[in-house]
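My entries follow in the order I made them.

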Amino acid sequence: MANSEIPQPGPEPDDVDGAANAPESVPGEPVGADAATPEPAAPAPEQFVSQAQFIANGDADSAAPSSFTPDAAPVPDPAPIPDPAPAPDPSLTPSPAPPAGEQPSAPSLASSTAPPPRPHAGVPRATWAIGALVCVAAGSLGAALGARSVARTNANHAVSAFQTRAANVAENVKQSLQREEDLTAGASTFFAANPKASATEFATWSRWVRALRRYPELERIGLVTVVRATDLPTFQQLVTGKKPAIAAARAAATSTGKAATATTGAPSGATISPSAGTGTGTSPTSAAPTTAKTKPTSIGLLRISPPGARPYYCLATAEVVRAPAKRARAGLDYCKRMPTLIPTRSSGSATTAPVSATRTGQLAVETPVYRGFTPPKSRAGRTAAFVGWLREVLEPGLLLEGALAHDPGGAVRLTYAHGASQAAFALGAPKHNAPSVTTSLHHGWTVESFGTPISSAVLDDREATGLLVAGSLLSVLLGMLIYTLGVGRDGTASMRAALPRRPLGRSESLYDELTGLANRELTLDRAERTVARAGRQSGMLAGALLVDLDWFSDVNEKLGRAAGDQLLRVVAERLEDVIRTEDSVGRLGGDQFLITVESVAKGVRLDSLARRVIEALHKPVSGLDDFGPSFFPTASIGVAYGRYTDHDALIHDAELAMRAAKDAGKDRYTLFNANMRAVIEDRGLLEAELNTALRENQLFLVYQPICDLRTRKVVGLEALVRWRHPKQGVMLPADFLPLAEETGLIVPIGRWALQEACSRAAKWEVGGSRIGIGVQVSANQFDREGFATDVLRALQQSGVTPSLLTLEISESIVMADAATATSRMQQLKSLGVRMAIDDFGSGYAYRSDLQKMPLDFLKVDRASLAAAEDEDYRHWLLEAILVFGRDLSLTVIAKGIETAEQVTALQEMGAVLAQGHFFGEPLPGDALDRLFTGGVPAVRATSTGLAE
C-alpha cells in the first residue's frame, strides 16, 4: 500500500490483541466486488504500534495479515530488528465496509493468511544438560588440581619452616652449652687460683658472677677434692670451722702410746658431712680410742656415705646450691659412687652422666681442675697439679625449654656420648610420622628436633580443602546457571519479544519528578565534577550551599502532603531564579537542596548568594492548598567552600554548617569552620562516654521535695537524673539528655531511672514513709509500644504501691498526637500509677482534650510561663492555670519557686502544692532518709529555705 507519510506511534494501548488492533471500515467508500478499489487508509496508531512490536520481535504468530497463504512453505524466522518503529507492512489493508443492513464485525484472525505458528528452533535440553555436566566436571577437576597444588606447596613450605626451626633449636642448644662451658672455665680458674677456698669464698664469687641468675638450668656447682682417711679431721675443721672431738682423743692416745694404730686407722663407719641441716656431732665419749678389732661408728660431725674404710675419699669442699633444701650430704663419697672419676684425674677429660637419684632428669658434669690454670701435658704432671673436680648439676629440661621457646608444638632430644659417658634427655613427645632433624654439636652432644606431622593430602590442609569445596560449588552453580539460562532461553524469547518496549519514564531519568531539578544522583555527580575541575586549577575553589527548609514536617502534617509538594515546587523555582548560569542546583531528597558553585578564590562570595536565597524564600506563598493566610517559608543554609579533593567532604562540611544554623535558631545561613568538626567529634565522644556511664553505673538520681503549702509538709518528690562524669564532675540533665534523645540512649536511661525511683520509694514505704515520686518520661519512651511493660516491670520488681508513682509527660509530647497520647495514658493508668502533664502552659492543650485524658496533676513552671520578664503577666497566667485546674478537678503543682514572696503569692491564689529551690535543693536518696525517720516532719518556709 502506498502512503504519502508514515504515521507515528501513538500512546500504548491498554489491550494489545488482534481484535483491538483490527482496522475499521471507512464510511462513504464503495462496497462490493464491483466497487473501485479504495485507497488504503493508514493504520491507526494503536494498530501500528502493536504490529510494529510484533514484527520487530520476529513473532510469526502476529495478528497482522500476511500475503502468504497457509500452504506456503515455511521460511526462517526473521532476525530481530532493533528499530522499535519499523515501516508498516504494505499488505495490511483495511477491511471493506459490510453490506447495508448488517452490523459490522471485527475481522477474524482465523480467516487471515498468516502462516501457522512455528516452534523455536532451539538447542535440545539434553545438549544443555551435557554442557552443564562438562562445566561441572571441568571446574571440579580444576579445583582438585588446584587444591592438590596448594597442599603440596603448603607441605613444602612447612618442611622448610621446620628445618629452619630445627636449625634454630640446635643453635640455641649449642649456645647454651657454650655458656655452660664459659661458667665451667670461670669456676675452674677460681679454684685453680684458690685450691683451699672455703665455701663462703666460693659463694661470694658465685654471687659476683651471678651464676644462678645467668644460668637458670644450673642446680648446683662446687669443688670435689680427694681427702685421705688420715686427713678427715682436718677436712672437717676446714669445712665446718669446728675442731672435732676425735682429734683431741687421738692426741691423748698418741701421748700414752696406746692403740695409736686403731685410732688413726681408716674408719669404717666414720663420716664427715657437715650436714648443714643437723648441726650436731658425736659426743666425746663416742669418739674414744678403740682397739684394732673394733671400728669406730662416727668421727666428728661428718658421716661418710657410703660407709666403709677406704684410704681416701672424694668429698665436696665448697658448693653453691639453688635450693638449700636439696643440698647433698657433705660426706658423700663421689669416688665410691662413680668409680670412673679417679682415672680422669690423670687423663684430664670431663665426665658427663645423668643423676639417677633425682626424679626429674638431671645431668652431672665433673671437670678436672689443675693448678697453674693450664693442665700439664704429662700424666705425672697432671696428677701432681691436681686440685679437684668441678662438679655441675644441670637441669637439661630448662635448657631445652629455652631452645623451644619459639617452637611450642615441637619436641627435642639431647644426647651425649663420649667414651663411657652417655646421657639422653628429651622435652615433648614426638608425634607419629613427625619429621625430625639431627644435628651434631661439639664434644659429643647431639640434638634431634621433632616437628608436627606434615601431610600433603588435600583433606589435611584447610586452605586446600576450602579451595576444593569452593571450586566444586562454584562449578556446580555455574553448570546450573548454564543449564537454566540455556533451557529458559527458548521459553522466554517469545515472552521478551511480546513485552512492549516503553520509552524511558521521567522517574527513570536523572531529574526529580516533583521539582524538575536534578535528582540526588545527578546532583552528586555535578558536585564531584565541580570539585575535580576546581582541583585542576590553582585559582579556583569549589563551594556548596545545603538548603534545608524549616518546619517542613509541620506543613506536611497540618496542611497535607499535597501542600508540601506544592511548596517544594515553589522553592525549586525560586532557587533556579537565584543561582548563576554556571552554578547548579539539585534536590538531594526530602526538603534538602544542594547548590554547587565554582568560583575564583579571590572573588568568592558565597555568603551573598546565601542571603539572596533567604530573601527569595521569604516571599509569601499564596494559595498553598487552599490555606487562607499566605505562607512565608524559611530555610537553614550551610555554606562550605575551599580546595576539596572529595565532594563527600564538601557536602559533609556544608551539612555541619547547616546543623549549626538550625541550632542557632533557623532562618539563617552559617559558614563552615573547623570548630564544627570538633563539636561533632565531642558529641561522638560524649555519646561513647554516655554508653560507658550506663554500663559502669555513673548515673544517679536526686530528689527535689514537693511541699504542701497548707501543712508545710513534704508530700512528694521529683526524681532528677545526674551524671557523675569521671573527668567533668557531676553533669546536669541539660548537658547530656538532649544527646541521649537524639541517639536513642534515653530509652535505657529512662528505664533505669524508673526502676531506681521505684526501688527507692519501696524502701521508704517499707520504712513507714509513704512518699510519692514523680519520674519524667521522654518522648522516645512515651511513644514506644513497650513502655507500659517497662513500667509494669519496675512496679513488680520493686514491690512499691503503684499509686506512689507519678509519670510526668511534657505537654508538647501529649499534644503532638492527642488521641494516641490519650490511649497510651489510659493504658498506663490501668496499672494504678498517677499521671501528670509537665511544663503546662508551654503548649496548646485544649480543654476538651484534657477532659478525655486520665490526669491527676498539672505541673507548671513559673519561670517558663512567658518569654517576657513581665511579672504581672506571669502572675495573671499562673492564676488562670490554677482556676483551669480546679475546673478540671486536677491538682496544680507550681515549680520554680525561689523566694518567700512567691510562696505568699501562691497561697493568696489558692495553690496547694509547690516545689523549687526555696523548699530544698535536690539531694540523693540516702541524704533524704533522715527526713523520713519517725514520719515526715513538718516544715515552714523561711526567707532562706526550708526549716523544721
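I count two strands as paired if DSSP finds at least two bridges between them. Helices (H or I, at least four residues) and strands (E, at least two) are DSSP runs, numbered from the N terminus. The model is predicted, so I note that local features need pLDDT of at least 70, that side-chain atom pairs count only at pLDDT 80 or more, and that totals for chains, interfaces and linings use all residues. Residues are numbered from 1 along each chain as its sequence is written, and side-chain values use heavy atoms, with hydrogens and water left out.

**Entry: strand S18**

I started with S18 and its neighbours. S18 and strand S19 (residues 805–810) run parallel and are joined by 5 bridges. Within that pairing, I found Gln776 bridged to Glu808 in S19. S18 also pairs with strand S16 (residues 713–725), in the parallel sense, over 4 bridges. There Glu718 has Gly774 of S18 as its bridge partner.

I then looked at burial, where buried means under 20% relative accessible area, exposed over 50%, and partly exposed in between (1.4 Å probe, protein chains only). In S18 (residues 772–777), 5 of the 6 residues are buried, so the strand is largely enclosed by the rest of the structure.

**Entry: the sheet with S10**

In what order do the strands of the 5-stranded open sheet lie? I read the order as S11-S12-S10-S13-S14, with mixed pairing. Strand S11 (584–589) and strand S14 (668–671) are the edge strands, each pairing on one side only. From one strand to the next the twist averages 20 degrees.

Strand S10 (residues 540–549) pairs with strand S12 (residues 592–600) in the antiparallel sense, over 9 bridges. Asp548 stands opposite Gln592 of S12.

**Entry: helix H14**

For angles I use axes that are lines fitted to C-alpha atoms, for helices over the stretch in contact, with angles from 0 to 180 degrees between N-to-C directions. Contact means heavy atoms within 4.5 Å. Helix H14 (residues 520–536) lies across S10, S11 and S12, and runs at about 135 degrees to S11.

H14 also packs on helix H18 (residues 647–663), at an angle of about 110 degrees and with the axes 8 Å apart. Angles under 35 degrees count as roughly parallel, over 145 as roughly antiparallel, 65 to 115 as roughly perpendicular and the rest as oblique. H14 and H18 are therefore roughly perpendicular to each other. At the contact I listed Leu524, Ala527, Glu528 and Val531 from H14, which meet His647, Leu650 and Ile651 from H18.

**Entry: helix H28**

In helix H28 (residues 900–909) I found Gln902, Val903, Ala905, Leu906 and Met909 buried. Down the axis of H28 these buried residues fall within an arc of 160 degrees, so they line one face of the helix; the arc is that of the directions from the helix axis to the C-beta atoms. Glu901 and Glu908 are exposed on the other side of H28. Just after H28, Gly910 takes a positive phi of about 95 degrees.

**Entry: salt bridges**

A salt bridge here is a side-chain nitrogen of Lys or Arg within 4 Å of a carboxyl oxygen of Asp or Glu. I get 25 salt bridges by this rule.

Arg391 and Glu366 form one, with their closest N and O atoms 3.0 Å apart. This pair links distant parts of the chain, with Arg391 in strand S5 (residues 386–394) and Glu366 in strand S4 (residues 363–370), 25 residues apart. Arg391 is buried at 13% relative accessible area, and Glu366 is buried at 2%.

Asp790 pairs with Arg784 at 2.9 Å between the closest N and O atoms. Asp790 is buried at 7%, whereas Arg784 is partly exposed at 27%. Asp790 also meets Arg793 in a salt bridge of 3.2 Å, N to O.

Most residues other than glycine have a negative phi, and most peptide bonds are trans. I noted these cases.

- The peptide bond from Ser305 to Pro306 is cis, with omega near 0 degrees.
- Trp551, not a glycine, has a positive phi of about 60 degrees and sits in the loop between S10 and helix H15 (552–559).
- Lys666, also not a glycine, has a positive phi of about 70 degrees and sits in the loop between H18 and S14.
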